[in-house]
Amino acid sequence: MTQSPRTTKENLWRRIPLWQKILTGLVLGVLAGALMGESASIFKPIGDIFISAIKMLIVPLVFSTLVVGITAMRDPQKMGRIGARTIGLYLITTAFAISIGLLASWIFQPGAGLEMSFEAGTEAKEAPSLVEIIVGLVPQNPVSALASGNILQIIVFAIGLGISLTLIGEKGEPVVRVFDSFAEAMYKLTGIVMAFAPFGVFGLIAHVAGSYGLEVLLPLAKVIGVAYLASILHVLVVYSGMLALLGKLNPLRYLQGILDALVVAYSSASSSGTLPVSIRCAQKNLGVSEGVSGFVLPVGATINMDGTAIYQGVVAVFIAQLLGVDLSLMDYGMIIVTGTLASIGTAGVPGAGLVMLSIVMAQIGLPLEAIAVIAGIDRILDMARTSVNVAGDLMVTTLVGKSEGELDESIYNAPRKG
């Protein structure tokens, strides 16, 4: 029986890898934005619908996968071991990231010879103290935490509920099965939403490209280039190196497996918004178990900010060079320490990097008004730093899965198209 042309086209579309479809949407969005200018904002509602659909998944997906992940471990000691290993790896990679950002800025001098003016009025945001962070972890009302999307509090409540269901044994099995079915339904819903991703990414990028023309980008092209170069180096050198040295895994398979998540992260500029796609990539492409991916990725989307750390290092040195301020070794050390610790309390949403930047600049005595210089291109930088954040989440998830014997290497090493 001969297939109709329409059926043939549908089959061809299904065979194209998702990341290639999304990348096509991204490229077409850039072209549309460049040609149409601000008129390309007519496509923004398409992107807004996609982002709303992604955000719709976050809370139920995080909550259900964490509960299922904890109950699947059935060992509180194992969960504690995984938690300690996860946080340790995140803090180490963040320190590496901010150091790479500082080094790149020191070598390429993006602010040297550039004169720009800015208006006053930017106020410092106070960094939350360690005590405030710890106290804020425990929700007074779990329903309120779920309704407001407070990921840290949701994580704490889900972990507590998962441990309790494990401790009560057989009595908890019916509830565990409900959460397991609910998590599977959320995975399927994620797949449905991701089928719309190429069109959503097109709408988002067309709007961004139309809003930020060359007249905005050219004067600051050097700092954008340095930030992007440092981001790429961090992924290819630090992440790939850790996988090869510590996990004895092929980094190329990791890079191929995370492409879907990277493209969504780049277009949405939200680590939390990309979380459903990250979980899908970890399980389907990298072979990480539901238990490990359901625990490590939500934690990473909240506390792992390697891309933001790179951004802080590059921009802080850029502004210092712009103002003719010589930074001491103590200043560089303060940037590394402050940026690493501040990342724990930063939300994985667009624009959060500017809040962290104000904290770092206040610590080294740079005028906060200078943030206005970078605010105009913050979205362009945000897209890169979010991609690094998501790549880091997936790298640590893969390493933890390998160390716990919960990485299916047949899935990890399976060849992928493209």
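Lys-248 sits in the loop between α11 (221-246) and α12 (251-257). Helices here are DSSP runs of H or I, at least four residues long, numbered from the N terminus. The model is predicted: local features need pLDDT of at least 70, side-chain atom pairs count only at pLDDT 80 or more, and totals for chains, interfaces and linings use all residues. Residues are numbered from 1 along each chain as its sequence is written, and side-chain values use heavy atoms, without hydrogens and water.

Most residues other than glycine have a negative phi. Lys-248 has a positive one, near 55°. Lys-248 is exposed, at 64% relative accessibility (exposed is over 50% relative accessible area, buried under 20%, partly exposed in between, with a 1.4 Å probe and protein chains only). Gln-109 also has a positive phi, near 50°. Gln-109 lies in the loop between α4 (76-108) and α5 (130-136) and is partly exposed, at 31%.

Now the helix packing. Helix α13 (residues 259-268) packs on helix α20 (residues 378-403) at about 150°, with axes 7 Å apart. Axes are lines fitted to C-alpha atoms over the stretch in contact, and angles run from 0 to 180 degrees between N-to-C directions. The two helices are therefore roughly antiparallel, a label for angles over 145 degrees. Residues of α13, including Ala-261 and Leu-262, meet residues of α20, including Val-390 and Leu-394; contact means heavy atoms within 4.5 Å.

Beyond its neighbours within four places in sequence, its contacts include Tyr-254, Ala-261 and Leu-297. In the largest nonpolar core, of 112 residues, Phe-50, Tyr-254, Ile-374 and Leu-394 touch the most other members. Such a core joins buried Ala, Val, Leu, Ile, Met, Phe, Trp, Tyr and Cys residues through side-chain atoms within 4.5 Å.

Key
Angles under 35 degrees count as roughly parallel, over 145 as roughly antiparallel, 65 to 115 as roughly perpendicular and the rest as oblique.
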